[in-house]
Amino acid sequence: MTVLPEHEVPGPQSRTAGLEDAALHPIDAHIHVLPSAAGWERERLVAEDPWFATCHAHDERILTVPELQTSLGDALDERVVCMTWPFADAGRCVEGTEVLLNELHGDDRIRVAGMVNPRSPAAATVVDNFAHRGVCALGELNADAQGWTDHLDELAPVLEAAAAHDLPVVLHTSDPVGHRYPGKGTMHTEQLASVVRILPSNLRLILAHGGGGFPWYVQMPEFATVRAQLYCDLAAMPWLYEPSVLPLMIRSLGSSHLLYATDAPRFGRRRTQDWLAAAELSVEEYRDILERTAASLFHWEFEVSNHLG
């Protein structure tokens, strides 16, 4: 299987032609990556981690560091935020992050989000250490994979530590309705509301996969005080929603609170940008989603473009 075929340049009939010609630095805010070091073989992880096995039992792909770098090639206009898997084993989370930081050191196109299991008593200390190592965020935390659905008291110190270092937190979410799929999980609106209620006032929370419908609930008065802290990434959204959902999300949260993300290699650049293009957004909205929101959240220091062409 070719790694990330979506990163090939689309042909002339592609609906993304306007975006491909744009003078942008798109930032893919959500890609899971495994270290290439010994001990991180996919087969071994399937045997060790139940949630990893659930999501990869049928030869589903997950990239290694060399595969991610190869997929980007010589591109100077693409950026990626990568993260390891949300392992139940806290040691795996820490080691995976450390190895990714080492393997990707010096590659300015790729930044690493730190992974912890909030159930670990040392999780908040680990966040402190990650911040000093230069991670750009924390996550993608996953309550089902890591076993903290009923232990929000253990999540709270992790959120506080992330907020202290101005690290956004990426949280796996899913819709309570719609088709079932391996790894969907149960972080639905009711559970998510419980997490939102314990957010530190200065923490930015990124709800993965469109927020599991939560963008509609943020208009409730109960969530008015945290609305500005919530963001959504668009990882896997072409599989979950029609493009017509994007204007609705923008109306609820604003385009400056949405992040381009692919969850590659399952959903790569071409499919995701085709889906974005079909929404027929404004120039400014595309700029926010593809580039500016992530550049601000992750403190990515490069020249953000001021036009789409």
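## Helix α5

In helix α5, the buried residues are Arg92, Cys93, Gly96, Thr97, Val99, Leu100 and Leu101; buried means under 20% relative accessible area, exposed over 50% and partly exposed in between, with a 1.4 Å probe and protein chains only. The structure is a predicted model, where local features need pLDDT of at least 70 and side-chain atom pairs count only at pLDDT 80 or more, while totals for chains, interfaces and linings use all residues. Residues are numbered from 1 along each chain as its sequence is written, and side-chain values use heavy atoms, with hydrogens and water left out.

Helix α5 covers residues 90-103, 14 residues in total. From first C-alpha to last, α5 reaches 20 Å, close to the 20 Å expected at 1.5 Å a residue (the expected span is 1.5 Å times one less than the number of residues). Helices (H or I, at least four residues) and strands (E, at least two) are DSSP runs numbered from the N terminus. At the start of α5, a side-chain oxygen of aspartate 89 comes to within 2.8 Å of the backbone nitrogen of glycine 91.

## The sheet

Now to the strands. Nine of them make an open sheet with parallel pairing, in the order β2-β1-β3-β4-β5-β6-β7-β8-β9; two strands pair if DSSP finds at least two bridges between them. At the edges are β2 (63-64) and β9 (258-259), each pairing on one side only. Strands of a sheet pair through backbone hydrogen bonds, either parallel or antiparallel.

Strand β3 has β1 as a parallel partner through four bridges and β4 as another parallel partner through three. Isoleucine 27 has arginine 79 of β3 as its bridge partner, and aspartate 28 stands opposite valine 80. Valine 80 also stands opposite isoleucine 110 in β4. In a regular strand the side chains alternate between the two faces of the sheet. Both faces of β3 are covered: Arg79, Val81 and Met83 are buried on one side, and Val80 and Cys82 on the other.

## Histidine 32

Histidine 32 sits in strand β1. It counts as buried because its relative accessibility is 6%.

## Cavities and pockets

Searching the whole structure turns up three cavities of 30 Å³ or more. On a 1 Å grid over the protein atoms alone, a cavity is a set of points where a 1.4 Å probe fits but cannot get out, and a pocket is an open set with protein on both sides within 12 Å along at least five of seven lines; lining residues have an atom within 4 Å of a point. Grid points are joined across faces, edges and corners, and a volume is the space filled by probe spheres set on the points.

The second largest cavity holds about 50 Å³. Of its 10 lining residues, Pro26, Asp28, Glu78, Arg79 and Tyr260 are the closest to its centre. At least two lining residues come from each of β1 (27-34), β3 (79-83) and α13 (269-278).

The second largest pocket has a volume of about 300 Å³. Its lining has 13 residues, and Leu104, Asp107, Ile110, Arg111 and Gly134 are the closest to its centre. Strand β4 (residues 110-114) gives the largest share of this lining, three residues.

Conventions:
A polar contact is a pair of N or O atoms within 3.5 Å; within protein, one must be able to donate a hydrogen and the other to accept it, and residues adjacent in sequence count only if both atoms are side-chain atoms.
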